Amino acid sequence: MPLLTRRAFVIATGATLVSLLSGCGHSDDAQSSGDAGDLDAADFTHGVASGDPLTDAVVLWTRAVAVTVGAMSARVRYVIARDPAFADVVIRGTVVAVAERDWTIKLDLRDLAADTAYYYHFESANAVSAAGRARTAPEGEVARLRLAFVTCSSFITGYFHAYRRV
């Protein structure tokens, strides 16, 4: 009896292909740890957001739409600092927004300090995004913890006033 039947091979190959095409099994955006390469012109059309805090990680989000007509990607820089004036920068790198993901960037930052506030923004060749504030989760027991849970929204249906309360 063969170790791998033709049917099992076809199923496994199909599953692998679907996984690769759907983007499963890798991070949402290509990242680099440095500032290599030039930045592209892009507009930050939806502000910034942060979430999914862990003791050593947080997810940052923005939308960077390429200004160049017909462009399929836009390289932008992210800057993470310990202060709102960005004088104490702790992380800087580049990330690529792509048209096939509706120009959105989801950046999973790791190796951060627990229970620490970080300030962040994104930069393109022609624009700087709004600044945001993210906080990592505390370690161990805490007396008080406040979290807000929101999901993606539909601009057409409205109800964005809840974000102001958060």
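Author: The side chain of D83 reaches the backbone nitrogen of A87 at 3.0 Å, a polar contact (a pair of N or O atoms within 3.5 Å; within protein, one must be able to donate a hydrogen and the other to accept it, and residues adjacent in sequence count only if both atoms are side-chain atoms). This is a predicted model, in which local features need pLDDT of at least 70 and side-chain atom pairs count only at pLDDT 80 or more, while totals for chains, interfaces and linings use all residues. Residues are numbered from 1 along each chain as its sequence is written, and side-chain values use heavy atoms, with hydrogens and water left out.

D83 lies in the loop between β4 (73-81) and β5 (89-98), where strands are DSSP runs (E, at least two residues) numbered from the N terminus. D83 is buried, that is, under 20% relative accessible area with a 1.4 Å probe and protein chains only. Even so, D83 has no salt bridge (a side-chain nitrogen of Lys or Arg within 4 Å of a carboxyl oxygen of Asp or Glu); the nearest side chain of opposite charge, R82, is 8.1 Å away, with Lys and Arg counted as positive, Asp and Glu as negative, and His and the chain ends not counted. Not counting residues up to four places away in sequence, D83 touches D88 and Y119, contact being heavy atoms within 4.5 Å.

M72, in the loop between β3 (58-66) and β4, is by comparison exposed, with a relative accessible area of 58%, where exposed means over 50%. Beyond its neighbours within four places in sequence, M72 is in contact with A97, V98, A99 and W103.

Terms used:
Helix = DSSP H or I, 4+ residues; strand = E, 2+ residues; numbered from the N terminus.
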